[in-house]
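Biologist: Thanks for sitting down with me. Could you walk me through the details of this one?

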Amino acid sequence: MGNVQGRHGNTTEAVRFWKKGLELNPKRADVYSGMGWLAMRKGECEEAILHWRKVLEIAPRMPGVHNGIARALTVLGRKEEAIEELEKDIQISPQSSLSYFLLGQEYLQQKKYEKAKRNYEMAISLQPDLPNAYYGLFTVCSRLKQRAKAREYMAIFKKLDAEDVTKEKKLLEGRSEASDDLVSMRENVAETYMYAERIYRALGQAQRTEELLKRAATLAPKNTECLMKLASFYRINERLPEALQMYKELTEIEPENGVHYRNIGILCTRLKRFADAEEAFGRVIALTPESSSGYRSLAQLYLDMDRELPKARELAERAVVLEASAANYFVLGWACDENGDRDSAISAVKRALELDPGNPKYRQVYEHIQKSN
Amino acid sequence: MSIFRKAIEVVVPAGDRYPGIDSRRRIAVAWGLLCFFSCARANEHIVLSDVTEETGITFRHTDGSSGRLYILETVSAGLALFDFDRDGDIDIYFLNGAPLRGAKSKVAPTNALYRNEGDWRFTDVTEEAGVGDTRYGLGVTVGDYDNDGHPDIYLNNYGPNVLYRNNGDGTFADVTEKTGVGNGFQVGAGACFLDMDKDGDLDLYVSNYLEFSYEKHVSSATGGYSVYASPILYPAAPDTLYRNDGDGTFTDVSKTSGVAEHVGRGMGIVSVDYDNDGDVDVFTANDVGMNFLFENDGTGRFEEVGLFTGVAYDLHGDAQGSMGVDCGDYDNDGLLDFYVTSYQGQLATLYRNLGDGVFEDATLTTGARGGTLPSVTWGTSFVDVDNDGDRDIFIACGHLLDNVELYDDTTTYRQRNILLMNTGDGKFVDVSEKSGDGMKVKLSSRGAGLDDLDNDGDIDAVILNSRSEPTILRNDTPSKGHWLQVRLRGVKTNRNGIGAHVKVIAGDLTLLDEVHSGRGYQGHYGMRLHFGLGGRDRVDRIEVRWLGGGTDIFDDVAADQLITLTEGGSRTGRR
C-alpha cells in the first residue's frame with residue numbers, strides 16, 4: 001500500500017504504510033531505503049542518512065546505499081565523509097560510474113584536480129556516454145589551463161548533452177501527443193493492479209489474482225512483468241494454451257529474448273506440438289548461441305520424439321562444452337544411450353550424478369543403465 | 001538527460017526507489033576582527049515583519065488564466081522598486097497579467113504604481129502617472145534613457161513592449177513608437193538598461209522567453225491531471241539588443257552585436273562587468289537550457305562565454321530551469337559573483353567568481369543551497385539584510401504548477417520564501433524559519449525587490465505573488481550594524497551611474513557593488529547602493545569607477561547616511 005500511495009504522489013500516506021510495515025517486519029531494508037530516497041527528495045538530508053544507516057544495519061552490502069548517503073552528505077557539505085561513503089559504494093559496486101563521477105565532483109570542489117580527473121576518467125571507462133563526466137573533465141582541464149584538452153572534452157560534452165536534450169524533448173512530445181500522459185498513467189494504474197495481485201495471490205485467491213493481472217495487462221499491454229506473471233499463473237494452473245499465448249505476446253515485445261522462446265518450446269512440447277517446439281528451441285539457439293539451454297532443450301525434444309537421434313547427441317555434446325552442468329550431462333547420457341553408446345551414456349550420467357549427487361532421478365537412471373549393461 | 005538530473009528524478013515518484021517496486025522502472029577571507037564580529041552576529045536574528053495590510057496597497061496580481069494552461073501564466077511577473085518622483089523614497093511598480101484567450105474580466109487588470117508617502121503608507125497613482133499598461137506584463141526595468149534626471153520605465157510584455165518616459169512631473173508618456181523599442185510581438189522576460197558602448201547613454205537589452213502563440217499552445221498532463229507543458233516543448237528565441245542613438249531613438253543591433261546568434265529561453269537577466277575590464281557584460285538566466293554570459297568587447301559586440309566561464313551549467317554539468325539572477329560580491333574578495341534561482345528538484349546555484357574569467361559552483365561548499373531543493377525559486381537578491389558587512393541572499397519561492405499537490409505531496413504551490421544569512425566566513429545559513437512573520441507567508445512568489453523603503457538604513461522587501469496580493473516586508477532586525485547608501489549622479493556618463501563600480505573601504509572591510517538596471521527575476525531594484533558596515537561608523541574611502549569615465553575618490557565619509565556622489569567629485573549627504 002505504501003508503494004501504491006508513493007506511486008500516486010501521496011508520500012505522506014506512503015510513509016505511514018511503510019512505517020506500519022516496518023512494525024510488522026523491521027528487517028525490510030528496502031523499505032528504509034525507499035524512505036531515504038523520499039527524504040532526500042524533500043531536501044531532508046539528515047533524515048535520509050538515518051534511513052540509509054538503518055539499511056546498512058540490516059543489509060550492509062546493499063548496492064547504492066553508500067552512494068545515497070554520500071549524496072546527502074555532499075548536499076550537507078560534509079565532503080570527507082561523502083568521499084568515504086563513495087569509496088565504500090565502489091567496493092560493493094565496482095561498476096558504479098555514478099560513484100566514480102561523484103568522487104570526481106568531491107575532488108573538484110576540493111581542488112584536487114588530478115584525483116578528480118582520474119575518477120571522471122574511470123566513470124567514462126564504465127559509461128562512455130556519461131556527459132557529466134566529460135563536463136567534469138572539461139572543468140578540471142580548464143582550471144589546469146590545459147586548453148586544448150578542455151576544448152576536446154567540451155565538444156564531447158556538448159554533443160552528448162544535445163543528444164540528451166533531443167531525447168527528453170521527444171519523450172515529452174510523445175506524452176503530449178498520446179492524449180497527454182494517458183499511456184504513462186495507465187502504466188501506473190497497471191502497477192497498482194500488480195501490487196494488489198500480490199496480496200490476492202498470497203491469500204490464495206486465484207480468480208481475483210487472474211482478474212487483476214488481466215486488467216493490468218489490458219492497461220499496459222507492453223508490461224512484460226505483467227505478461228510473465230500471467231503466463232506463470234496459467235502454467236501453474238495447467239492452462240497451457242493460455243500460457244503459450246502470453247509467451248507469444250512476450251516475444252512480440254522482446255523478440256531478442258531467448259527465454260520466451262524457450263518457454264514456448266517447453267509448453268509446445270507438453271502440448272505435443274513438436275514442430276512448433278523444434279522451431280522455438282531453434283530460435284533460442286540462434287538468439288543465444290553461447291548458452292547451453294537451447295542445445296539441451298532441442299536435444300531433449302528430439303529424444304522425446306525419438307527422431308534425429310545423432311543430431312540430438314551433437315546438440316547435447318555442444319551443451320556440455322558450453323556448460324558442464326548436471327542437466328547437460330544427463331541429457332548427453334540419454335542421447336548416447338539412444339544412439340547405442342552405452343559406455344558413454346554411463347560415463348555422462350555418472351558425471352551428472354557427481355555434479356548433483358542428491359538428484360534421485362539421476363541416481364535411478366544411473367543404477368538402471370549400469371544394471372542393464 | 002544527464003545522470004545527476006536522472007538520479008534526482010528517479011528518487012521520487014516513478015520509482016524503483018520505493019520499497020518493493022521493481023528496479024525495472026525506475027570561501028574564506030582572512031578577516032581578522034571582522035570574522036569575529038560577523039560570527040558573533042551570526043547568532044542574532046534577522047526580523048522581517050509582514051506589513052502588507054498597513055501599507056494601503058490593494059494590488060492583486062492576475063495571470064489571466066482561464067484553465068487552458070497557457071505557459072506564460074506561470075512566469076508572470078516581475079516588479080520594480082525606484083524613486084519615480086525623486087522625493088527621496090522608493091516607490092513600487094507592480095506588473096500584472098491580462099486576460100488570455102478564454103478568460104473574462106469585467107475590468108481590465110493593469111500594472112500599478114504606488115507612491116511611497118512615508119511611514120509605510122502607499123498611494124496608488126497609476127492612473128495619474130499614466131503607467132497602467134493593460135498588456136500582459138512579464139518583465140520590467142528602469143533607467144534614465146534620455147539622461148534628463150528622471151527614471152523611465154521599460155515593460156517587457158507578452159505582446160508589444162512599452163517604454164514610458166518620465167516627464168518629471170509625476171507623469172509618464174508612452175514613447176514606444178517614437179523610440180522604436182516595441183520588440184514586435186514576443187513573450188517577454190527580463191530587461192536591462194546598460195551602456196554597452198560607453199558612449200554615455202543607455203542601451204537596452206531585452207530578453208525573450210520562448211515562441212508562443214495560441215496556435216502553438218501545447219497541452220500536457222501528469223498523473224492524469226492537466227498541467228502546464230514544459231518550456232522545452234516551445235521553440236527558444238533569441239534576445240533583442242537596442243542601441244541608444246542618442247537622439248531619442250534606438251536601433252535594433254541584435255544581429256550585429258552577436259546577441260541574436262544564440263537562442264535560449266531567457267528569463268531573469270543582469271548586466272554586470274563580471275571580468276572587471278571596464279565594460280558591461282550580460283548574464284541571461286535561461287529556462288531548461290544553458291545560461292548565457294555575453295562578454296562585451298567594449299564596443300557593444302558580444303561573445304557568449306557561459307560554458308567557458310562555468311556559469312552555463314551547474315556543478316554537475318546539468319542545465320537548470322534557471323529563473324532569476326543577481327550578482328554581488330558575497331565573499332568580499334572584490335569580484336562579483338552570481339546567484340541563480342531554478343526549478344524544483346534543483347538547487348539554486350551560487351557561482352563564485354575566481355577572478356580569472358572563471359566561476360565555480362560554490363553552492364554546496366558554502367551552504368547557499370539553503371532549502372531550495374523542493375522549491376521553485378524566482379526572485380533573488382544579494383543584499384546585506386543585517387548590516388554586518390556581508391551580503392545575505394533572499395529567494396522568492398512558489399511553484400508554477402497550481403495543482404502540484406494532487407500528484408506530488410512533497411511540494412506545494414504556495415511556498416515560504418527563503419533567507420540565507422552570510423556568516424561572514426564565506427558560508428550561508430538558512431535562517432528563514434526564525435526571521436520574523438514575514439518569512440512565514442506562504443504564497444506563490446515570483447519577482448522580489450529589496451530596498452530601504454522607510455529610509456531607516458536597512459533593507460526591506462517587496463514580493464510579487466502570482467494570483468495574489470503582494471507581500472511587503474519591513475526590516476525590524478533589532479541590532480543593526482552601521483550602513484552607508486550611495487546614489488550616483490553621472491555627468492559625462494549615464495545619469496544614474498548604471499554600470500559604475502563602487503568600492504567602499506572602512507578599516508579592514510572593503511565592499512564592492514555595481515549599479516544595475518534590471519536584476520533578480522525580471523525586475524528592477526537597488527539602484528541606490530546599500531552597504532552594511534557592521535561596527536564601523538566611518539568609511540575611509542569610496543572609489544567610484546564610472547562606466548566609460550574616470551575614477552572619483554571620496555575620503556572620510558560618515559556612516560549611516562545616504563550620500564549622493566556626482567561624477568567629477570562632489571558629494572551631498574542625507575542622514
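Biologist: Is Glu210(A) buried or exposed?

Modeller: Happy to start there. Glu210(A) belongs to helix α12 of chain A, residues 206–219, where helices (H or I, at least four residues) and strands (E, at least two) are DSSP runs numbered from the N terminus. Buried means under 20% relative accessible area, exposed over 50% and partly exposed in between, with a 1.4 Å probe and protein chains only. Because its relative accessibility is 11%, Glu210(A) counts as buried.

Biologist: Which residues is Glu210(A) in contact with, leaving aside neighbours within four places in sequence?

Modeller: This is a predicted model, in which local features need pLDDT of at least 70, side-chain atom pairs count only at pLDDT 80 or more, and totals for chains, interfaces and linings use all residues. Side-chain values use heavy atoms, without hydrogens and water, while residues are numbered from 1 along each chain as its sequence is written, with chains lettered from A and ligands numbered from 1 in the order in which they are written. Taking contact as heavy atoms within 4.5 Å, the partners of Glu210(A) are Leu230(A), Phe233(A), Tyr234(A) and Arg239(A).

Biologist: What is the phi of Asn276(B) near?

Modeller: Asn276(B) sits in the loop between β18 (266–272) and β19 (281–286) of chain B. With a relative accessible area of 40%, Asn276(B) is partly exposed. Most residues other than glycine have a negative phi. Asn276(B), a residue other than glycine, has a positive phi near 55°.

Biologist: What volume does the largest cavity have?

Modeller: On a 1 Å grid over the protein atoms alone, a cavity is a set of points where a 1.4 Å probe fits but cannot get out, and lining residues have an atom within 4 Å of a point. Grid points are joined across faces, edges and corners, and a volume is the space filled by probe spheres set on the points. For the largest cavity, that volume is about 110 Å³.

Biologist: Which of its 14 lining residues are closest to the centre of the largest cavity?

Modeller: Strand β26(B) supplies the largest share of this lining, three residues. The closest to the centre are Val383(B), Arg391(B), Arg519(B), Gly526(B) and His530(B).

Terms used:
1 Å grid on protein atoms, 1.4 Å probe; cavity = no way out; pocket = protein on both sides within 12 Å on 5 of 7 lines; lining within 4 Å.
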